Amino acid sequence: MLSSTSNQLILLSFVLIFGTVTATDHIVGANKGWNPGINYTLWANNHTFYVGDLISFRYQKNQYNVFEVNQTGYDNCTTEGALGNWSSGKDFIPLNESKRYCFICGNGQCFNGMKVSVLVHPLPSPAASPVANHTSNSSAAAPVVLPGGVVGLRALVVALASIWFGSGWV
């Protein structure tokens, strides 16, 4: 059996490694999900997206799908030259670059409003983040910086937590 000190050390290690993971999972349409007739522009305008966040689509998997397209595909509701496509009904898509992402439903429902465009911002600098502005006397509160792959780690942790704990949605 592990001692109390060992348990505390394991817990502290977990907090130091995963404590700075702050990726957000943006569920498109919130409790309305990915369905026709919803104003996704309004939904997107009420969110701020950062590199490392996830965008999630929840829908009936045999009825709808998701395609990542360029601006022309978004404007014209076409999937030609799509950059990605998903059809699981619970799609977690990492936003790994600072750019505009465009998503549409590829079965014709794009014309009924099933499209969303989001602008992903670079991560704020550590000096501008609320965590960095928080003062502490403990050296253990310093953020852990993992070389390369931090964005992927953040996305992976959020996706695994979403799967592990579930969301009670759909």
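Author: Helices are DSSP runs of H or I with at least four residues, strands are DSSP runs of E with at least two, and both are numbered from the N terminus. By that rule the protein chain has 5 helices and 8 strands. The model is predicted, so local features need pLDDT of at least 70, side-chain atom pairs count only at pLDDT 80 or more, and totals for chains, interfaces and linings use all residues. Residues are numbered from 1 along each chain as its sequence is written, and side-chain values use heavy atoms, with hydrogens and water left out.

Reader: In what order do the elements of the protein chain run from the N terminus on?

Author: The order is α-β-α-β-β-β-α-β-β-β-β-α-α.

Reader: Which strands make up the open sheet, and in what order?

Author: Start with pairing: two strands pair if DSSP finds at least two bridges between them. Here 5 strands form an open sheet in the order β2-β8-β7-β4-β5, with mixed pairing. The edges are β2 (49-50) and β5 (84-86). Each has a single partner strand, so one side of each is left without a neighbour in the sheet.

Reader: How do β2 and β8 run, and how many bridges join them?

Author: They run parallel, joined by 2 bridges. Tyr 50 stands opposite His 121 in β8. Now take β7. It pairs with β8 in the antiparallel sense over 5 bridges. It also pairs with β4 in the antiparallel sense, over 3 bridges. Follow Ile 104 across the sheet. It is the bridge partner of Phe 67, and its own bridge partner in β8 is Lys 115.

Reader: How many of the 5 residues of β7 are buried?

Author: First, the scale. Buried means under 20% relative accessible area, exposed means over 50%, and partly exposed lies in between (1.4 Å probe, protein chains only). In β7, 4 of the 5 residues are buried, so this strand is largely enclosed by the rest of the structure. For the protein chain, buried residues make up 30% of the 170 residues.

Reader: Which residues of the largest nonpolar core touch the most other members?

Author: In soluble globular proteins, nonpolar side chains tend to be buried together. A nonpolar core is a set of buried Ala, Val, Leu, Ile, Met, Phe, Trp, Tyr and Cys residues joined through side-chain atoms within 4.5 Å. The largest one here has 22 residues. Trp 34, Trp 43, Ile 55, Phe 57, Phe 103, Val 116 and Val 118 touch the most other members. The elements that give two or more residues to this core are α2 (40-45), β3 (54-58), β7 (100-104) and β8 (115-121). A second, separate core has 7 residues, including Cys 77, Cys 102, Ile 104 and Cys 110.

Reader: What is Trp 43 in contact with, leaving aside its neighbours within four places in sequence?

Author: Contact means heavy atoms within 4.5 Å. Trp 43 is in contact with His 26, Ile 27, Val 28, Gly 29, Ala 30, Phe 49, Ile 55, Val 116 and Val 118. Now look at the protein chain as a whole. Among its contacts with a separation of 6 or more, 72% come from residues 24 or more positions apart.

Reader: How many salt bridges does the structure hold?

Author: A salt bridge is a side-chain nitrogen of Lys or Arg within 4 Å of a carboxyl oxygen of Asp or Glu. The structure holds 2. In one, Arg 58 pairs with Asp 25, and the closest N and O atoms are 3.8 Å apart. This pair links distant parts of the chain: Arg 58 lies in strand β3 and Asp 25 in strand β1 (residues 25-27), 33 residues apart. Arg 58 counts as buried, at 2% relative accessibility.

Reader: How far apart are the closest N and O atoms of Glu 68 and Lys 99?

Author: They are 3.7 Å apart, in a salt bridge. Glu 68 sits in strand β4 (residues 66-69), and Lys 99 in the loop between β6 (90-94) and β7, 31 residues away. Glu 68 is buried, with a relative accessible area of 8%. Lys 99 is partly exposed, at 28%.

Reader: Which cysteines form a disulfide?

Author: A disulfide is a covalent bond between the sulfur atoms of two cysteines. The test used is a pair of cysteine sulfur atoms within 2.5 Å. A search of the whole structure finds 1 disulfide. Cys 77 and Cys 110 form it, with their sulfur atoms 2.1 Å apart. The torsion about the S-S bond is about -65°, so the disulfide is left-handed. Cys 77 is in the loop between α3 (71-76) and β5, and Cys 110 in the loop between β7 and β8, 33 residues apart. Both cysteines are buried.
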